[in-house]
Amino acid sequence: MPETTSDDRLTPDLWRRVDAYLTETLVGHEAGLDDAVADQSAAGLPPIEVAPVNGKLLHLIARMSGARRVLEIGTLGAYSTIWLARAVPADGRVVTIEAEPHIADIARANLDRAGVGEKVDILLGRGADVLPTLVDQEPFDLVFIDADKESNTIYIDWAARLGRAGTVVVVDNTVRGGEVANPATENPQIIGVQRGLEMLGRDPRFDATAIQTLDAKGYDGIALALVV
Ligand code: DHB
Ligand code: MG
């Protein structure tokens, strides 16, 4: 019996098989979600939506926290948006921000086909421009940050401003193949991720942690924070 914590058998083949096993066993397939990924791909958009196990994780975090109002920054083909919209109650809402009009059109079609279109507002524009327009809305219960990494600190700041004590903040792509732990990186996206994590660690508005993920998208991670 190998040690359960042994990592000497960890190869890409192993973790890919494990991800496939977990996805088959716990997530399965649904037309609305699979079609969204297919249409996103057909439209030439990059396959950078969250992995199915993490889409379902977002969905469960939303349900576990009783989220009724969800803010997503970075829509892409709306794969994660569909997971989140399916987690909020009938009178709930997902507000998702997308900078590119032609991407927002694909997202809108995917949301409508998945049957959640009426729960979702797609706001067109850069996060930094759109987020200040939301100050008069009811606070958000959950914020998912998954856009240009260079702006993570701006988005994390807005998550606190547009949230309340108890709001859950999830930040995608916080490990980036391990580059997050490279203090000498000159990649502006990695630096953006690092600044975001440092903010979550230091800013008294948050209590945060992060988990590393190995899944269909490779080696990455998510940060999880609570607005206190
Ligand atoms: C990439 C992945 C993401 O999930 C994302 O939000 C942005 C970029 C990538 O792999 O390049
Ligand atoms: Mg992402």
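This report describes the surroundings of two ligands in a predicted model.

Residues are numbered from 1 along each chain as its sequence is written, and chains are lettered from A and ligands numbered from 1 in the order in which they are written. In this predicted model, local features need pLDDT of at least 70, side-chain atom pairs count only at pLDDT 80 or more, and totals for chains, interfaces and linings use all residues, while side-chain values use heavy atoms, with hydrogens and water left out.

Ile48, Asp146, Lys149, Asp172, Asn173 and Arg176 surround ligand 1, each with a heavy atom within 4 Å of the molecule. This shell comprises 1 nonpolar, 1 polar and 4 charged residues.

| Residue | Polar atom | Distance to an oxygen atom of ligand 1 |
|---|---|---|
| Ile48 | backbone | 3.1 Å |
| Lys149 | side chain | 2.8 Å |
| Asn173 | side chain | 2.7 Å |

Taken alone, ligand 1 exposes 290 Å², of which the protein buries 66%; the areas come from the Shrake-Rupley method with a 1.4 Å probe.

The magnesium ion (ligand 2) is coordinated by Asp146 (OD), Asp172 (OD) and Asn173 (OD1), at 1.9 to 2.1 Å. Donors are N, O and S atoms within 2.8 Å of the metal (3.2 Å for Na, K and Ca), and because water is not among the atoms, sites may look incomplete. Along the chain, the donors of the magnesium ion (ligand 2) are spaced D-x25-D-N. Asp146 lies in the loop between strand S4 (142-145) and helix H7 (152-161) and Asn173 in the loop between strand S5 (168-172) and helix H8 (188-202), so the pair ties together parts that are 27 residues apart in sequence. Helices (H or I, at least four residues) and strands (E, at least two) are DSSP runs, numbered from the N terminus.

Note on methods: A polar contact is a pair of N or O atoms within 3.5 Å; within protein, one must be able to donate a hydrogen and the other to accept it, and residues adjacent in sequence count only if both atoms are side-chain atoms. Ala, Val, Leu, Ile, Met, Phe, Trp, Tyr, Cys and Pro count as nonpolar, Asp, Glu, Lys and Arg as charged, and the others, Gly among them, as polar.
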